[in-house]
Amino acid sequence: MSVDLSQFIPSFLEESFEGLELMESGLLDLQRGDNETIHSIFRAAHSIKGGAGTFGFDNVTEFTHLVETLLDEMRDGRREVSSKDTEILLESVDCMRLLIEAARDDEEYDQVKVAQTSKRLSETLGNEPTSVDESLIKVDVEATNICGYTINFIPEHSLAKTGNDPIFLFSALAELGQLTLCADTQDLPALTDIDAQELYLSWQLTLHTEASKAEIIEIFEWVEDECLLELVPIKAPSNTSASLSSTTSSSTIKNDEQQTEPETSQKSIQDIEVQPPETELVIEPTIEDENIISKTKTKTKGKAEVGSIRVGVDKVDSLINLVGELVITQSMLSELGNDFEMEKVERLTSGLEQLLQNTKELQESVMRIRMLPISFAFNRFPRLVHDLAIKTGKEMELVIKGEQTELDKTVMEQIGDPLVHLVRNAADHGIEQSAVRLANGKPGKGTISLDAYHQGGNIVIEINDDGAGINREIVLAKAVEKGLVDANAVLTDSQVYDLLFEPGFSTAAEVTDISGRGVGMDVVKRNIQALGGRIQVQSTLGKGSSFKVHLPLTLAILDGQLVKVGTETYIIPLIAIVESLQIDNKLINRVSGDMVLYRLRDDNVPILPIYQLFNLATECTEIDNALLVVVEADGQKIGLMVDDLLAQQQVVIKSLKDNYQQVAGISGATILGDGSVAMILDIPGIIHMALEQAQQAQRVKTDGNSSVTAEVCL
Amino acid sequence: MNIQEMAQDIPAEGEHAIEGVDFITSGDQYLTFLLAQEQYAVDILCVEEIRSWEQPTKIPNAPSYIKGVINMRGIIVPIVDLRLKFSIGEATYLETTVVIVLTYQSEESTRTIGFVVDAVSDVLNVENGDIKAAPAFGGCVGQQYIDGLINSEQKVVTILNVNHLQKVEKHRLHS
């Protein structure tokens, strides 16, 4: 019977990455002697190892085995949990991730890093050698002078109960080379005490083979935890390896030799063992290596975007229920349609209503499947902050709130990198050194907090730090120096903070490898905008800064108000609308030259005719009695003048970017019931456009140039 | 008629055995179309479909040659008027005006864009050697859009580069 294992590889990989995350978060809050955490870390490592062995990812198995051995010592209380060990284990988790990623993409991995880490692991383990571990952890030494192994195989009595049969192991071993078996019956109890299901034998096997140690261990993969396994290399009698065929020499290796062998051979292995990583270090040409790594990275990114989602059974169940209801509604309607008479029209309307309800619920459940708790994106931050604290030598802690807030999977995948940037910035530029903090009357330990919550139809992610804050003057001076703003321009705080997102802008006095190169913040802003979100900065000098990222909950569906302008239909997102009204002539005020304001209770709302903004031809240019849709974004209200208000409906958002490009003032398109396309207005974008136009117009006017035209640049 | 005889009737590659029917030969096939009186061609494998002209939904502040977007089976497809883009002839919309929808798969993405032309005329079989380089003398169509020229009977057909056609210039509001 042969099973195609490759079909299980994707789920193995997924589970492995989850396991790695579990290990990482476990390691980060590993308290001394906290057994439960160590157990869960160990279990994760163990299942990764087992899976990797099954699928033949040998380097993963080998490496994970080292990790597991170290964890095993901690678990058994043979080793105290020290922060040094935790660091090594964290590094190992990174290496395991590298190895698994390399295995997934079938590519080269950073051999230097893995070799270094495995060397450090072995060294750590070497501090407390125990014979079993020692013999197991040996990295495969080139078998130039080894012609086989003596294997002491002492299974636990319950081995047979788990479905393992030693005979299969032996026949697998026999395939590798010449096998001599010697059963040890000393554990065999008296005949009356024998339990037929128990296994009382142990074996001493002598295998003459050219196969590597790893290949042999692989055979014992499944029983490894239920037996005591000892592998002792047999040295070739002569100087080189020509001894496979020499059956005479195999018979000469007897008990006495085996007993003396272990110490010497282990010593020699240990000597050699320390070296291989170092020689590898020298051989690896670093530049090429870096290329390989960067290549792998870009590639994995591309791949990572298509993945699978794990969905709770309850969500699937509710979907099935809904589909069931839909089928019932459908059959009811079709029955009604078979012989329809006018008096049944009431039933038809109620049927259609039911259909509407079903569709809506179905749609909501399908959307819910794509929603994941934001903890998926937050999980990597404890580790990041931990590493940053070490790198910068600052004391800081991370507080995470609202990690159960649900967010669309696509949004989640794309928000990860921008968040990392922001957290890095907070750690590097925000939080000060402890001494400075104490001098300023703040606790020595800085706090970075991540908070996620829903607000209207948006999700808000806040990144706060209690560090130095943004120094307005420095930012401004830098901007003037870079020629981004005029030396005597008057800017509001938020305008100053916006400068941070200009390309190439950095106020860090020195460039560190964490941040400060001025790349990043503009990318952060662009990424967030690409998701239809926006970012706000607040800061108090000396108290800290706060970055608020607003993101739409889902990218797929939106409640919209259809409006007509000229011949075109546009959709205004319902969330953005404050109210719609007919303009009362008395409430219109013209101020500062050309600005038209509408008095809405206490607010003065600027009126913005859409036909002007989009250069459309329309007959309704008269402001009197026109329809005004008051919308709000970024705390700014604005009145959009439209020709007509049409229906309200849910629309499916289609991207314009797929086949075209992002258009200013438009967040996407949708297909209406009649098959035609309608544009969805991007309210923050429109407000931004209007502000820009106004500013430009002002500038042109002050320059003495009277003609203000909106012209399109190709 | 036995099998052997029948087999002989099947044309080998590159042979035009049956009158009136062009078999796919070793060269490429191109779809030719008209812009004013001039003949142009695109690789036929890029052609998604040919549709009749319908008024698209306008894109605000777009260049004049971008007529808007249409819904093609749930996909939003922008419409470019090639006559306006290349300034050839007049942009009139008659019953014969058609939209050729082209899909081009580049390394990073797949784009589908519709192009308005005056009429679709023919499918050309072209041997690779028959494509001649275009002389680098002015003309309305930029050199980057032209892959080469083919002589077809009395006329010259310009082969357009679909990849370049698909590239949409950035446009933004400039006031």
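**Entry 1: confidence**

I began with chain A of this predicted model. Chain A averages a pLDDT of 75. In chain A, 81% of the residues score at least 70. Strand 23 of chain A, residues 711-713, has the lowest mean pLDDT, at 37. Strand 22 of chain A has the highest, at 91.

I marked two stretches of chain A for caution. Over residues 128-144 of chain A, pLDDT stays under 50. The model has 35 contacts beyond four places in sequence for residues 128-144 of chain A. Over residues 705-714 of chain A, pLDDT also stays under 50. For residues 705-714 of chain A I noted 20 contacts beyond four places in sequence. Why hold back on such stretches? Where pLDDT is low, the predicted coordinates should not be read in detail.

Chain B came next. Chain B averages a pLDDT of 79, and 80% of the residues score at least 70. Among the elements of chain B, strand 11 (residues 172-174) has the lowest mean pLDDT, 41. Strand 3 of chain B, residues 47-52, has the highest, 91. For the complex, I wrote down an ipTM of 0.76 and a pTM of 0.48 from the predictor.

**Entry 2: helices 1 and 2 of chain A**

I turned to helix 1 (residues 9-28) and helix 2 (residues 35-55) of chain A. They pack at an angle of about 155°, and their axes are 9 Å apart. Helix 1 of chain A is therefore roughly antiparallel to helix 2 of chain A; the cut-off for that label is over 145 degrees. The crossing of helix 1 with helix 2 of chain A is left-handed.

I listed some of the residues in this contact. Helix 1 of chain A contributes several, including A:Phe12, A:Gly19, A:Leu22 and A:Met23. By class, the contact of helix 1 with helix 2 of chain A has 10 nonpolar, 7 polar and 1 charged residues.

**Entry 3: helices 12 and 13 of chain A**

Which way do helix 12 and helix 13 of chain A run, parallel or antiparallel? I looked at the axes. Helix 12 (residues 313-338) and helix 13 (residues 345-370) of chain A come within 9 Å and cross at roughly 160°. So helix 12 and helix 13 of chain A are roughly antiparallel to each other. Helix 12 of chain A passes helix 13 of chain A in a left-handed crossing.

Helix 12 of chain A brings residues such as A:Leu319, A:Leu322, A:Glu325 and A:Leu333 to the contact. The residues they meet in helix 13 of chain A include A:Leu348, A:Leu355, A:Glu361 and A:Arg368. I noted the classes for this contact of helix 12 with helix 13 of chain A: 10 nonpolar, 6 polar and 5 charged residues.

**Entry 4: helices 15 and 16 of chain A**

I then checked helix 15 (residues 381-392) and helix 16 (residues 409-430) of chain A. Their axes are 10 Å apart, at an angle of about 30°. Helix 15 and helix 16 of chain A are therefore roughly parallel to each other. The crossing of helix 15 with helix 16 of chain A is right-handed.

A:Phe381, A:Leu384, A:Val385, A:Leu388 and A:Thr392 make the contact from helix 15 of chain A. From helix 16 of chain A come A:Val420, A:Val423, A:Arg424, A:Ala427 and A:Asp428. By class, I have 7 nonpolar, 1 polar and 2 charged residues here.

**Entry 5: a sheet in chain A**

I traced an open sheet of 5 strands in chain A, with the order 20-12-13-22-21 and mixed pairing. Which strands stand at the edges? They are strand 20 (644-652) and strand 21 (666-671) of chain A. Each has a single partner strand, so one side of each is left without a neighbour in the sheet. Neighbouring strands of this sheet are turned by 35° against each other on average, direction ignored.

Strand 21 of chain A runs antiparallel to strand 22 (residues 677-681) of chain A, and 5 bridges join them. I picked out one pair: A:Thr670 has A:Ala678 in strand 22 of chain A as its bridge partner.

**Entry 6: a sheet in chain B**

Chain B has an open sheet of 5 strands in the order 8-1-2-10-9, with mixed pairing. Strand 8 (119-126) and strand 9 (146-152) of chain B stand at the edges. Each of these has a single partner strand, so one side of each lacks a neighbour in the sheet. The twist averages 30° from one strand to the next.

Strand 2 (residues 38-43) and strand 10 (residues 155-160) of chain B run parallel and are joined by 3 bridges. I found B:Tyr40 opposite B:Thr158 in strand 10 of chain B.

Technical notes: Residues numbered from 1 in each chain as written. Chains lettered and ligands numbered in written order. Predicted model: local features only at pLDDT ≥ 70, side-chain atom pairs only at ≥ 80, totals over all residues. Axes fitted to C-alpha atoms, helices over the stretch in contact; angles between N-to-C directions. Helix = DSSP H or I, 4+ residues; strand = E, 2+ residues; numbered from the N terminus. Parallel < 35°, antiparallel > 145°, perpendicular 65-115°, else oblique. Left-handed = near helix turned anticlockwise from the far one by under 90°. Contact = placed C-beta atoms within 7 Å. Nonpolar A, V, L, I, M, F, W, Y, C, P; charged D, E, K, R; others polar. pLDDT = per-residue confidence, 0-100. Pairing = 2+ DSSP bridges.
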